[in-house]
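Hi,

Here is the structure I promised to pass on.

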Amino acid sequence: MILNRQRSVFGRSLRSPHTCLPCIPIRHKQTSAYKAFLEEAKKKKDKEENERKYQKKKSTKAFKFTSSAFIFVATLGVGYSQGRLQVLNQPPKSLFPETSTAPVDDIRSPYYANEGEFEKACKLIERVVGPNGFTDSDAEINGHADSYYSCMHPEPDQKPDLVVYVRSTAQVSKIMDICHRFNVPVVPYCGGTSIEGQYISTRGGIVLDFSKMADIVKFNEEDRTLTVQAGATWQDLEEFLKPSGLLFGPDPGPGAQIGGMVATSCSGTNAYRYGTMKENVVSLKVVLSDGTVVDTGSSNSGYDLTRLIVGSEGTLGLVTEATLRLAPRPKAETVALVSFDNVFNAVQAAQDIISRGIPLNAIELLNAKSVFYVNQSGLLHKKLEEKPTLLMKIGGASQSLLDETVKITRKITKTHNETAFKFASNEEEMDQLWMARKVLYWSNLEYAKKAAGPDVNAWTTDVAVPISALPKMVDQFEKELDKSGIIGSIIGHVGDGNFHALLMYTQDQKEAATNLVSRMVDQSLKLEGTSTGEHGIGYHKREFLIEEVGQTSVDTMRKLKMVLDSKRILNPDKVIVVDRSEPQPDRSE
Ligand SMILES: Cc1cc2nc3c(=O)[nH]c(=O)nc-3n(C[C@H](O)[C@H](O)[C@H](O)COP(=O)(O)OP(=O)(O)OC[C@H]3O[C@@H](n4cnc5c(N)ncnc54)[C@H](O)[C@@H]3O)c2cc1C
């Protein structure tokens, strides 16, 4: 007990460590034995004294060492926090340039996981998704690397190393945390229908497939909003919404899913009436590159994070849920198909119809060749006039109002020298006429395969020009297409000046097709149009983006990218160049 109390808080004894000299009686007679005893005692004392000195020296040394170590560590600590403060106050310019823009030459090349790091990350990902939640089978890897529709195909080594199927926002967040720690590139993937090389795995890494996250989360009929997971297709939504009398507008390629549709800011034939994704997304749930989950919110306060993510092509964050705006279905609707002798008349008629406020739900232009391919397919009950054609969905609040609108439309098209006017009087006829638009891609492809061989490649691309410039654009491109000998067609969502070209080229015609697309974009930019209509920038149109919006705007976009994804692991190399040492894709082969 006493001993315990004598212990200091550090557990060291407070007693002196020394042993005392044995007590010698002073008045004792000095015998030889006594002398020997004294010598022995002295020796012992000397030895103890030496031992004490040695111990003292040792403990001084230890003390010196400990204190030096302490000073060293403390200096390091102080140095670190000072350095940290210094970094925070004055960050090194190579890491955090103070400029508002980030030209690619001013930023370091990204570092991506080596094999060992990738393996470690994969083991952790397996714990998140389970043994059946991922695959590296050739079929799945190839299926997530490319598609037939894509206008340019990846190099043989541009493939993901692993495909991971996610099922919840929480899983996506955990996976991003892992990938962020190990610098693993991540390419998000939904329906795989994008066209401009948007999901090419330029750096290997993983593809996150959202198709198993396809639940309806919340349907708010009164407020006309629907919250869905990223993997739901727009056709799923159409099925779900039909009985409610509501609809969701954007209708891009068949099989496209909400995550990819948000990421490409897609539109479709209904965009004229209902807008593109930009107008139809209320808010998003997004996982950022380090795994942080953000609700972008729907209020007007603060920065508009929703619109920042829409159209960002998976480069700024991963969409796991979207709340979408719905519209009432038209009470009455019909489809009208009108033919003209030339594209100028067709586009002028379209302009006239639009400017007179006719309630159109969609308006599409097909050139004469397009109608020819549709006729060749034999998919329609009756053949159509092979002339430039306007296909319109006309809506009305009631059948009588609709009938009246059709009459007015007819009057307008007559003044532009229509050569045929058909309109559907029931749902079946509507489907038949509208089918001319829906089957065009497959009809053109089918025809090209028969005419040019089964290995023909498809290149679908688009630009948008002011509607006044559309006739000139279509006319010029048609002539160039004819001259090139490439089988192709032109369709346009005329309502918003969107102009699509479908090119079916053989391997020998690849260069000619590339030049044709370059000239199409140049021509569009000259006519104050854009480098892309609705298909996005992806991997292939990055240089056109610079031409269109200018280097400063692209450098500002890169700054945003660096802020949200400084490791550049999210869909690398899309929309903007993120690595100054990136080899540029070879377009000349
Ligand atoms: C026959 C045909 C017709 C088409 N018609 C039209 C049309 O009329 N209008 C139109 O706009 N487009 C059209 N498209 C293009 C295409 O359908 C659209 O771009 C569509 O929006 C792509 O959706 P997706 O689910 O297939 O996305 P994907 O191809 O899977 O991905 C597209 C991009 O989004 C990213 N991404 C995927 N999932 C996510 C996610 N969860 N979070 C963040 N980023 C993600 C991908 O990395 C990629 O960059 C057409 C395509 C075809 C083949």
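Both D555 and R558 are buried. This is a predicted model. The two side chains form a salt bridge, with N and O 2.8 Å apart. D555 and R558 sit 3 residues apart in helix α19 (residues 551-564), so about one helical turn separates them.

Salt bridges that share partners also link E196, D462 and K541 into one network. Within it, K541 pairs with E196, and their closest N and O atoms are 3.7 Å apart. K541 comes from the loop between α17 (510-526) and α18 (542-549), while E196 comes from the loop between β3 (186-189) and β4 (206-209). The pair therefore ties together parts that are 345 residues apart in sequence. K541 and E196 are both buried.

D352 and R356 form another salt bridge, at 3.2 Å from N to O. Here the partners' accessibilities are as follows. D352 has a relative accessible area of 17%, so D352 is buried. R356 has 53%, so R356 is exposed. In total, the structure holds 18 salt bridges.

Now the cysteines. How many disulfides does the structure hold? The count is 0. C179 is in no disulfide, and the nearest cysteine sulfur, that of C122, is 8.1 Å away. The cut-off for a disulfide is a pair of cysteine sulfur atoms within 2.5 Å. C179 has 0% relative accessibility, so C179 counts as buried. C266 is at 5%, and therefore counts as buried.

Best regards

Definitions and conventions: Residues are numbered from 1 along each chain as its sequence is written. This is a predicted model: local features need pLDDT of at least 70, side-chain atom pairs count only at pLDDT 80 or more; totals for chains, interfaces and linings use all residues. Side-chain values use heavy atoms; hydrogens and water are left out. Buried means under 20% relative accessible area, exposed over 50%, partly exposed in between (1.4 Å probe, protein chains only). A salt bridge is a side-chain nitrogen of Lys or Arg within 4 Å of a carboxyl oxygen of Asp or Glu. Helices (H or I, at least four residues) and strands (E, at least two) are DSSP runs, numbered from the N terminus.
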